Amino acid sequence: MLYPQLDTPCVLIDEAILEANIRGFQAYCDEQGLRVRPHIKTHKLPWVARKQLDAGAIGITCQKVGEAEVFAAAGFDDILISYNIIGAAKLARLLALAGQVRTLAVVADSEAVLQGLSATFEGTGKTLDVLVECDTGAGRCGVQSPEQAAQLAQLVARLPGLRLRGLMTYPAAYSEAVVQQWFSRAAALCEQQGLALEVFSSGGTPSMWHAHEAPIVNEYRIGTYVYQDRSQVAAGACEADCALTVLTTVVSVPVAGRVIVDAGSKALTSDLLGQDGYGQVVGYPQARVIGLSEEHGVLDFSACSQAPLVAERLRIIPNHACPVSNLFDEVHFCRDGEFRRTEAVLARGKVT
């Protein structure tokens, strides 16, 4: 039986693959002169983030104030929160956080966000670093043109309590040429206004090995690379270097070819991300995870020469590792097929 000391469903992390993923991308970025600022929303574990810093990362990226609070309490002191922070409650927490860490930065893509940040930090003796968020094609947050970026950068430079650090984007995958052109135009406009930009921050795992194709970028934010998942294999970011799997038990084989496991949507993300089915069963390349309800996973083994029996255990690579981290209170680390230890997912559920 696979890992008999663990109850299922649960998350397994292969330490050797994790460490190789961290070292591999850090080495690439060192060669390209890129600073790595990993995104902790993938793992939500200070233990993993410490490995990333030990390998050479300059700091961490968080998506929410709550995540940053957990990591600040764990001793991390260089944090970027890559999300618009709005509302009195969050702004008060942000100000408190600024008193706990050496370097804190946020992003903004509108005057409304900047005014709230400035009003919070003005007169406090603290200065908040700000990056202007730019939509270079992914269609999420961000100003819509280099001209708007330069205008907002000028406003950051004028507002009390704020300091302009640079530009930030979460681009569409494989759009490095667009990022290069977009950032270069914005930088030229800022230079005409006498504004110095220190940081040009981009990111994303799917095209991680193409980061050098936007040479203006000097900081790279990346999350999923640390674990990798089925969608990243499909995107070409990795081959089979997936550190995270979900360990699950076969609870029923009601008819030939149909296998039911105890990992449903509460253990495997329902994200498809363009994939056929909800994960890849390790050791059974022809098996398909065809359905998820809350507590049941439905696997199709009809194309396989052999199917597992009731009580057997399987490992499934999820389509998307990041949501899976947020579904479990703890994850279990293994090496060379042996269980090593359990870590609490300290930043789980930090959605504010």
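## Basis

Helices (H or I, at least four residues) and strands (E, at least two) are DSSP runs, numbered from the N terminus. The structure discussed here is a predicted model.

P9 sits in the segment before β1 (10-14). A cis peptide bond links T8 to P9, with omega at about 0°.

Y3 is also placed in the segment before β1. Its phi is near 45°, a positive value in a residue other than glycine. Y3 has a relative accessible area of 10%, so it is buried, the cut-off being under 20%.

The domain assignment gives domain 1 (15-227) and domain 2 (238-319). How far apart are the C-alpha centres of domain 1 and domain 2? They lie 36 Å apart. Domain 1 puts 5 residues into the contact, and domain 2 puts in 4 residues.

Between them, the two domains bury about 380 Å². Carbon and sulfur atoms carry 66% of that area.

## The largest nonpolar core

The largest nonpolar core holds 98 residues. I81, L114, L117, V132 and Y227 touch the most other members. Helix α7 (residues 176-192) is the top contributor, giving 7 residues. Domain 1 and domain 2 both give residues to this core, so the core lies between them.

Leaving aside neighbours within four places in sequence, L114 contacts A108, V130, L152, L155, V156, L159 and L162.

## Helix α5

L114 belongs to helix α5 (residues 111-121) and is buried there.

Just after α5, G123 takes a positive phi of about 80°.

## Helix α2

Helix α2 (residues 46-55) has its own buried set: P46, V48, A49 and Q52. These residues span an arc of only 160° around the axis, so they are on the same side of α2.

What do the buried residues of α2 pack against? Their partners are helices α1 (15-32) and α3 (65-73), plus strands β3 (60-62) and β16 (330-335). Just after α2 comes G56, with a positive phi of about 135°.

## The loop between β7 and α7

Y174 lies in the loop between β7 and α7. Phi of Y174 is near 60°, a positive value in a residue other than glycine. Y174 is partly exposed, at 42% relative accessible area.

S175 is found in the loop between β7 (162-169) and α7 as well. Is S175 buried or exposed? Its relative accessibility is 12%, so S175 counts as buried. The S175 side chain reaches the backbone oxygen of A172 at 2.6 Å.

## R340 in strand β17

R340 is found in strand β17 (residues 338-344). R340 is partly exposed, with 43% relative accessible area. In sequence, R340 and D14 are 326 residues apart. In space, C-alpha to C-alpha, the separation of R340 and D14 is 9.7 Å.

Which residues does R340 contact, leaving aside its neighbours within four places in sequence? They are E15, F333, C334 and R335.

Definitions and conventions
Residues numbered from 1 in each chain as written. Predicted model: local features only at pLDDT ≥ 70, side-chain atom pairs only at ≥ 80, totals over all residues. Heavy atoms only, no water. Core = buried A, V, L, I, M, F, W, Y, C linked by side-chain atoms within 4.5 Å. Buried < 20%, exposed > 50% of the residue type's maximum accessible area, 1.4 Å probe, protein only. Domains from an automatic or database assignment. Contact = heavy atoms within 4.5 Å. Polar contact = N/O pair within 3.5 Å; in protein donor to acceptor, adjacent residues only side chain to side chain. Arc of directions from axis to C-beta. Buried area = accessible area lost by both parts, 1.4 Å probe.
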